Amino acid sequence: MLPYIQQRAIQVGPARIYPFGILVLAGILTGVWMLRARAAKRGLSPKIALGLGAAVVCCGLAGAHLLRLLFFEPRLLQLKPSVLFDFKQGGMYSFGGLFAGAAGAWIYLRWLKLGAAQTWEYFDLLAFVFPFGWIFGRAGCAVAHDHPGIRAYNWLSVNFPGGPRYDLGLLEFLFILPVIALFLWLDRRRRPAGFYLGVGLIIAGPFRFWLDSLHEPGVPRFILTPDQAWGLLATVAGVLVLAKVLRRPARVQ
């Protein structure tokens, strides 16, 4: 059983900085830096990649907060509409951030009037880089213990103050490690545009569908919970993307 380690704030003048915030910022900076570097390596525009990263981060953070309120805290939003502009209340929803971030990326690339082939290339940049930034965010969740799961008594459970249970942020952090290793292994040779997008969705969708079974009861559902619905949608989308990509292997250079 793993120990429960309480995160402590770092006092910097009048501000209190928590490890969660530091790790999230590290993830954003890592992701944006890798986007620019990989764009240059792939013969794409580092400037467009930087703008793409900014669009994804801004839209992703806004979407994560908004969809968290709509799906899980609608009563809070009704009672206090100003919470919409207060990121310290209501929390964040990762799938909301992913959806809004992807939408922001698509709008940004459409605004630049890029062709379909280049759009695929930039989305594949995002898909490859995503795990390298996301792992910092999930490390932050593991440190903050803000995703407690069902009670469990094994070597992966965390000894929470109320008793041992899974820490879902920690489980996802551990899941991302082999995903990063797989992407690095696959990247030994150039892949067609869209390849990492398809593979990433196919891997992440079933995992998040399964991870939802470890949530405490009480998650709102309509046939499926929000995480199960997003996980299923991601899996289907990944299969369709990868099928399309593998039908045009001649694009590999």
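These notebook entries record what I looked up in the predicted model of this chain.

**Ground rules.** I number residues from 1 along each chain as its sequence is written, and I use heavy atoms for side-chain values, leaving out hydrogens and water.

**Confidence.** I began with pLDDT, the predictor's confidence in each residue, on a scale from 0 to 100. The chain averages 89, and 95% of the residues score at least 70. I then went through the elements, taking helices (H or I, at least four residues) and strands (E, at least two) as DSSP runs numbered from the N terminus. Confidence is lowest in helix H3, residues 74-79, with a mean of 75, and highest in H6, at 96. I keep in mind that where pLDDT is low, the predicted coordinates should not be read in detail.

**Nonpolar cores.** I looked next for cores, each a set of buried Ala, Val, Leu, Ile, Met, Phe, Trp, Tyr and Cys residues joined through side-chain atoms within 4.5 Å. For burial I used relative accessible area: buried is under 20%, exposed is over 50%, and partly exposed is in between (1.4 Å probe, protein chains only). The largest core has 32 residues, of which Leu52, Leu109, Tyr122, Phe128, Phe195 and Tyr196 touch the most other members. Helices H1 (19-41), H2 (46-72), H4 (94-111), H5 (116-144), H6 (168-186), H7 (195-211) and H8 (226-246) each supply at least two residues of this core, and the largest share, 9 residues, comes from H5. I listed the contacts (heavy atoms within 4.5 Å) of tyrosine 196: leaving out residues up to four places away in sequence, tyrosine 196 touches Arg38, Asp124, Ala127, Phe128, Phe183, Leu186, Asp187 and Arg191.

**Salt bridges.** I counted a salt bridge wherever a side-chain nitrogen of Lys or Arg is within 4 Å of a carboxyl oxygen of Asp or Glu, and by this rule there are 7. In one of them, lysine 41 pairs with aspartate 187, with the closest N and O atoms 3.8 Å apart. Lysine 41 is in helix H1 and aspartate 187 in the loop between H6 and H7, so that this pair links parts of the chain 146 residues apart. I noted that lysine 41 counts as exposed, at 62% relative accessibility, whereas aspartate 187 counts as buried, at 19%.

Arginine 208 lies in helix H7 and glutamate 172 in helix H6, so the pair ties together parts that are 36 residues apart in sequence. Both arginine 138 and glutamate 172 are buried, and arginine 208 is buried too. I recorded that Arg138, Glu172, Arg208 and Asp227 are linked in a network of salt bridges.

Glutamate 121, in helix H5, is buried, with a relative accessible area of 19%. Leaving aside neighbours within four places in sequence, I found glutamate 121 in contact with Arg42, Leu44, Arg190 and Ala193. Glycine 149, in strand S3, counts as buried at 0% relative accessibility. With residues up to four places away in sequence left out, glycine 149 touches Arg165, Tyr166, Leu168, Leu214 and Glu216.

**Backbone angles.** I checked phi with the expectation that most residues other than glycine have a negative value. Lysine 113 has a positive phi, near 60 degrees; this residue sits in the loop between H4 and H5 and counts as exposed, at 72% relative accessibility. Histidine 145 also has a positive phi, near 55 degrees, and is found in the loop between H5 and strand S3 (148-151), but histidine 145 counts as buried, at 12%.

Definitions and conventions: Predicted model: local features only at pLDDT ≥ 70, side-chain atom pairs only at ≥ 80, totals over all residues.
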